[in-house]
Amino acid sequence: MLDTSARLLRLLSLLQTPRAWPGSELAERLEVSGRTVRNDIERLRELGYPVDATRGTTGGYRLGAGAAMPPLLLDDEEAVAVTIALRTATQGAVPGTEETSLRALAKLEQVLPSRLRRRVRTLMAYTVAVPADRPVPAVSADVLTTLVSACRDRERLRFDYLDHAGSATRRIVEPYRAVNWGRRWYLVAWDVERADWRTFRIDRIVPRTPTGPRFPPREPPGGDIAAYVAGRVSGAAWRYRARVTVHAPAAAVVERINPAVGTVEALDAGTCVLVTGADTVQTLAVHLGMLDFDFDVTEPAELVTHLRRLAGRYGRSTGEGSPG
């Protein structure tokens with residue numbers, strides 16, 4: 001049987017999982033009597049840990065929120081995962097959290113067992129992150145917290161916003177989710193004045209306080225919120241757009257198209273329309289070539305010209321065309 005101190009730590013670890021623990025199950029896990037469990041629960045309460053108790057068939061003990069953060073008891077895999085996440089945060093995933101992440105990381109690494117410390121150091125030493133190919137807009141941790149809190153509490157938000165053209169606007173929205181795509185953050189919200197769903201870059205948002213009244217939940221757009229954001233964001237950034245007839249079943253094309261690259265609509269059993277785009281016609285031509293299906297395209301004119309140039313180049317490379 002564990003001694004009292006070890007048993008209390010084990011009990012605290014069990015109570016930190018997001019579920020209610022019946023007293024009988026705790027007694028079985030700790031190999032003690034129900035009376036000992038009740039006494040240990042009281043000891044934890046005396047030490048300042050708010051242990052809540054509920055009755056009934058689904059009742060039991062669980063750790064409630066208190067005035068102070070209790071010590072977290074992590075298993076090996078959890079400790080490694082948290083350490084790696086903190087190291088990533090120190091590299092500026094969300095600007096403004098680097099210093100606090102570094103302090104938390106130092107505390108955690110100090111108490112890691114040597115076997116776990118070696119695992120973490122090996123992972124960090126032999127993995128390399130490729131820097132972003134362009135500057136990443138900074139997202140304030142305070143702004144991000146304000147937005148997700150409004151999402152959680154279903155409270156209307158007022159904020160100043162710089163649109164894609166750089167024009168300043170004032171928005172009133174019902175926020176739904178903050179979505180992280182790479183190192184950029186987006187807010188998906190119902191725009192009250194436009195009566196439609198909108199996607200906003202969080203680095204362009206300046207919230208106004210206080211938040212507004214609560215609102216009833218709405219059905220999210222598209223079902224898959226990540227795919228919705230990917231489609232909206234990539235489409236808004238395209239310089240060139242194309243509507244391409246692909247001679248293949250829609251299901252086969254969908255398997256090769258990420259929502260960020262385009263949308264597919266079936267015409268018949270063996271033909272579909274792909275709406276896609278890119279910043280350059282060169283990139284657009286690569287996407288179409290990687291489909292490995294026959295296709296017809298008539299616009300934009302720049303893409304048609306580029307595809308003809310590629311056709312001639314590829315023909316010459318295999319001896320099917322004459323130089324010139």
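His306 has its place in helix α11, where a helix is a DSSP run of H or I with at least four residues and a strand a run of E with at least two, both numbered from the N terminus. The model is predicted, so that local features need pLDDT of at least 70 and side-chain atom pairs count only at pLDDT 80 or more, while totals for chains, interfaces and linings use all residues. Residues are numbered from 1 along each chain as its sequence is written, and side-chain values use heavy atoms, with hydrogens and water left out.

With a relative accessible area of 9%, His306 is buried, a word that stands for under 20% relative accessible area, with exposed meaning over 50% and partly exposed in between (1.4 Å probe, protein chains only). Leaving aside residues up to four places away in sequence, His306 touches Val281, Gln282 and Ala285, contact being heavy atoms within 4.5 Å.

Val281, Gln282, Leu284, Ala285 and Leu288 in α10 meet Glu302, Leu303, His306, Leu307 and Leu310 in α11. The residues of this contact comprise seven nonpolar, two polar and one charged, where Ala, Val, Leu, Ile, Met, Phe, Trp, Tyr, Cys and Pro count as nonpolar, Asp, Glu, Lys and Arg as charged, and the others, Gly among them, as polar. Helix α10 (residues 281-291) and helix α11 (residues 301-317) pack at an angle of about 65°, and their axes are 10 Å apart; axes are lines fitted to C-alpha atoms, for helices over the stretch in contact, and angles run from 0 to 180 degrees between N-to-C directions.

Turning to the whole chain, there are 11 helices and 11 strands, and 32% of the 324 residues count as buried.
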